[in-house]
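Subject: Structure handover

Hello,

Here is the structure for you to look over. My notes on it follow below.

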Amino acid sequence: MTEKDFQPKHYSLTLEEGRVNWKAPSNIALVKYWGKHADQIPANPSISFTLDACATTTSVTYKKRSSTKTGFSFDLIFEGKPKADFKPKIQTFFERIERYVPFIKDYDLVIETSNSFPHSSGIASSASGMAALSLCVMDIEKQLNPEMTKDQFSRKASFLARLGSGSACRSIEGDLIAWGAHEEIPGSSNLYGIKYPFEVHPTFKNYHDTILLVHKGQKQVSSTVGHNLMKGHPFAEERFQQAHHNLDRLRPILADGNLDEFMALVESEALTLHAMMMTSTPYFILMKPGTLEIINKIWEFRKETGISVCFTLDAGANVHVLYPESVKEEAIQFIQDELVVYCENGHYLCDQIGSGARKL
Ligand code: DP6
């Protein structure tokens, strides 16, 4: 499919007013997306676990505009209060998606949004937020064009979400999502995420992710700036090739449930992501001392107990502790005894792999 396939031909119905409501989860990448081309095209393919508890709930109230005004008309309410500083991001998003959903200009929109995770927890809400908003927009389009199939709906929601934030395209469906063209993954695309099409061992069907909030403040360098620093980066080409290769390596690991190899690959991906940051020009470090303390504690614990607990990182200081259901009790005990001390105000969030967004 190409971008053109997402442009609507005609709408069979008209619509005056209404309200749509969706909840979309966050996701955590196993093979990381880092580096992009124009129009939110990823420089390499990635794969993620869709999460469950960390989510954004968004409702959009729409009412047909009476006059032929130009520009978009929308208000934004975040956690019950108007939030002017989020508006430019939504404005840019609407500009990017307009040609695919031209009807958004015909309505006055009120967007009400809230996150399940605490404000300024250091958890990026762009993936779940852009996914939830895209699903609301698609819900309106589905009412204008009821012939749309469920697959077309999800694919276009992912396509739109990508234009808001790359990783958001992996937050529409569950439970393992691949995004980015890869030779060996049939149906994979740079334009949207797809459900991972290969066999997945039951151990990965209810995997846990406990997110340790090491640093809740604003990051010094945004993901968008970080992605751009991959342009002209001395190790960029090698890194992009490595991501393709790691997706190949992951296939038998996910099929067989080989936890040792899974942990080695996922941790290496996390550290490679941060190595790219440290070797950018200008260089930067998003990890904090607590991040490194936690990583070392996890390695020690694994060596001493043989229990399959590993970590991954996103573009920040927080640590995602990943472990299978079978070791849940030991892992939580270990986190409470040894890792919580490195969390800001002792805060952490318990999440697990989830089945994707849902309409409310
Ligand atoms: C490190 O999706 O936040 O989490 O496309 O600029 O919005 P934009 O970037 P974003 O980048 C996420 C980067 C990452 C890795 C990943 O999720 O794959």
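Helices (H or I, at least four residues) and strands (E, at least two) are DSSP runs, numbered from the N terminus. This is a predicted model: local features need pLDDT of at least 70, side-chain atom pairs count only at pLDDT 80 or more, and totals for chains, interfaces and linings use all residues. Residues are numbered from 1 along each chain as its sequence is written, and side-chain values use heavy atoms, with hydrogens and water left out.

Cis peptides

A cis peptide bond links Gly-174 to Asp-175, with omega about -15°. Asp-175 sits in the loop between helix H3 (150-164) and strand E8 (176-179). Thr-281 and Pro-282 are also joined by a cis peptide bond, with omega about 0°. Pro-282 belongs to the loop between helix H6 (259-278) and helix H7 (289-305).

Positive phi

Asp-39 is not a glycine, yet its phi is positive, about 60°. It lies in the loop between strand E2 (36-37) and strand E3 (41-42). Gln-40, in the loop between E2 and E3, also has a positive phi, near 60°.

Are these residues buried or exposed? Buried means under 20% relative accessible area, exposed over 50%, and partly exposed in between (1.4 Å probe, protein chains only). Asp-39 is at 55% relative accessibility, so it counts as exposed. Gln-40 has a relative accessible area of 6%, so it is buried.

Cysteines

A disulfide is a covalent bond between the sulfur atoms of two cysteines. Here the rule is a pair of cysteine sulfur atoms within 2.5 Å. The count by this rule is zero disulfides. Cys-169 is buried, at 2% relative accessibility. Cys-343 is in no disulfide either; the nearest cysteine sulfur, in Cys-350, is 10 Å away. Cys-343 is buried too, because its relative accessible area is 7%.

Surface charge

Glu-199, Asp-256, Asp-260 and Glu-261 form a patch of negative charge on the surface. Like charges are joined within 9 Å, nonpolar side chains (Val, Leu, Ile, Met, Phe, Trp, Tyr) within 5 Å. Glu-199 is in the loop between strand E9 (193-195) and strand E10 (208-212). It counts as exposed, at 58% relative accessibility.

Best wishes

Terms used: Patch = residues over 30% accessible without salt bridge, like charges linked within 9 Å, V, L, I, M, F, W, Y side chains within 5 Å. Areas by Shrake-Rupley, 256 points an atom, 1.4 Å probe, with all protein chains shown as cover. Salt bridge = Lys/Arg side-chain N within 4 Å of Asp/Glu carboxyl O. Lys, Arg positive; Asp, Glu negative; His and termini not counted. Charge placed at Lys NZ, Arg CZ, Asp CG, Glu CD.
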